[in-house]
Amino acid sequence: MRPSTASTTSPQAAPEQSGGFFRGRGFLTLLLVAALLWSLTSLSWGSSPVHPGGLASIGQFFQAALRPELSAEFLTLTLSSAWKTVAYAVAGICLAVILGFPLGVLASGVLARRWASRIPGVAAFRFLLGCMRAVHELIWAWFFVAAVGLSPAAAIFALAIPYAGILGRIYADILNDVPNPPLQALRASGASETKVLLYGRLPMALPDMLSYTFYRFECAIRSAAIMGFVGVGGLGMQIQLSLSDLYFNEVWTLLYALVALVLLVDLWSSWVRRYLTS
Amino acid sequence: MTRNGQRPYPIVRLEGVSKRYNGSAALSSLDLEIREGERVAVLGPSGSGKTTLLHLVAGMEQPNDGRVLLAGLPLASMSAGPKLSELVGMMHQQLDLVPHLSVKHNVQAGRLGRWSLWKSLVSLVSLREREMVERALERVGIPEKLHERTSHLSGGEQQRVAMARLLSQQSRVVLADEPVASLDPARAEDLMHLLVSIVAESGKTLIASVHSTHLTRKYFSRAVGLRNGTLEFDLPVERLTDEALNRLYDITPSRA
């Protein structure tokens, strides 16, 4: 199950349009292709897209893919920085859930029964969530590194804030989209909106919310790795160090570790999602 | 019907009630009085205003004109909440249980109006008023389903859970919108019997929209016929004639 806000534009899901060419998919495709071509011509390419000597570098880089650095010393370093990245991601996503859940409930406006008392709160908290996620985690990271120095706290906060913004927004949407009749029945038995949230909305929304949180956890692993680029450690920092020394073999070891990590989380989360939806 | 112990006011009273949706009238100036302990079947073709009538009595919708009184008090003066839930409980055709919760939680939900927020929260983790929940499930004949997830139950079983929730709510008036519409005749009869005996045992009032005239004659004390939002007849079931029903559903055998 996916939250309804995740777009459902997969080609199989969309029904075939039968109304003429201009309303159909063909026209839209043509329009998008034209836009792409126009955007390519508007870039300044210089004489060639690849600078002199660049081709050789690319060759070296991809040759190194077959010979990743496998010395025990470097593998230990890879493992410990992978561990650090995972730790950042876990701590960051946990903090994001703790922040995002109450904000999401407030931004959904489900606790207010009347329209008039609902609008200002919804607008304010949606705006707050919007601000939190409008700024990329990397920029938050620079900000926090400047504020608290190169400590794990900087990485975790930098991750947690935009992710809380994303999670809160999606939680709010999921809570709003819960089918209404069971909620009406709870109200009819005298339940306040808070009790309706506890007894109706949350139980019905929880599978979708958890599933989306797991998806975001996957993204958090990648973000946590990138976070290393600002110097707080983890896979990203090692990748950057090896890259600037042109040790491509080391870069590949680290990249493989990152891929393995994301795949593992993906397996775990799909297992959990299957368990939740069955 | 027990005529002794009469209360000074009818439990449900509609005074010139009208309800319009986007300009078209669902009910027009309806007057109706229902005394405690009556079992009223609301009959009529689709779109005649049966569901609207039930929703107005449940306080789920407000009339455009006229007023609804419950136990002598105007419904408009009561906000939705504990007080209203002690007076009326409603069961819908679609049951409206929370499918992700276990049966026990759906039964407990009938008590939410009376419980504090804290008790409601705790009840999600550990069963409150266990005896009440078990008794209600026993009464509807599915005591073994206590811990089961509601979505895993069959349609008929879910119907029973909805009744158990009404039992735990203990409202004085029970409203039921087509409570057995989607079931086969034998099961429909079973469940109607169960619903009516639950209501009768505790001297509650039942108002239900019903399709079957057979069930109406067998289980109800009074029949109210609605057509285009107006009252077509209001009779004790013994005096409910086939002509009256034919007029209601506009079946004219002579014309054939």
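**Chain B: two positive phi values and the overall fold**

I'll start at a specific spot: B:Q170 sits in the loop between α6 (155-169) and β7 (173-177) of chain B. Keep in mind that this is a predicted model. Phi of B:Q170 is near 50 degrees, which is a positive value in a residue other than glycine.

Where is B:A71 placed? B:A71 lies in a loop as well, the one that runs between β4 (65-70) and β5 (73-74) of chain B. Around B:A71 there are 18 other C-beta atoms within 10 Å, so B:A71 is also partly exposed.

Now the chain as a whole. Chain B contains 9 helices and 10 strands. Along the principal axes, its C-alpha atoms fill a box of roughly 60 × 45 × 40 Å. The radius of gyration of chain B is 19 Å. For 256 residues, a compact globule would come out near 18 Å, so the value for chain B agrees with that.

On burial, 44% of the 256 residues of chain B count as buried. As for contacts, take those in chain B with a separation of 6 or more: 68% of them are between residues 24 or more positions apart.

Notes. Residues numbered from 1 in each chain as written. Chains lettered and ligands numbered in written order. Predicted model: local features only at pLDDT ≥ 70, side-chain atom pairs only at ≥ 80, totals over all residues. Helix = DSSP H or I, 4+ residues; strand = E, 2+ residues; numbered from the N terminus. Rg over C-alpha atoms; globule rule 2.2 N^0.38 Å. Buried ≥ 20, exposed ≤ 12 C-beta atoms within 10 Å, placed from the backbone. Contact = placed C-beta atoms within 7 Å.
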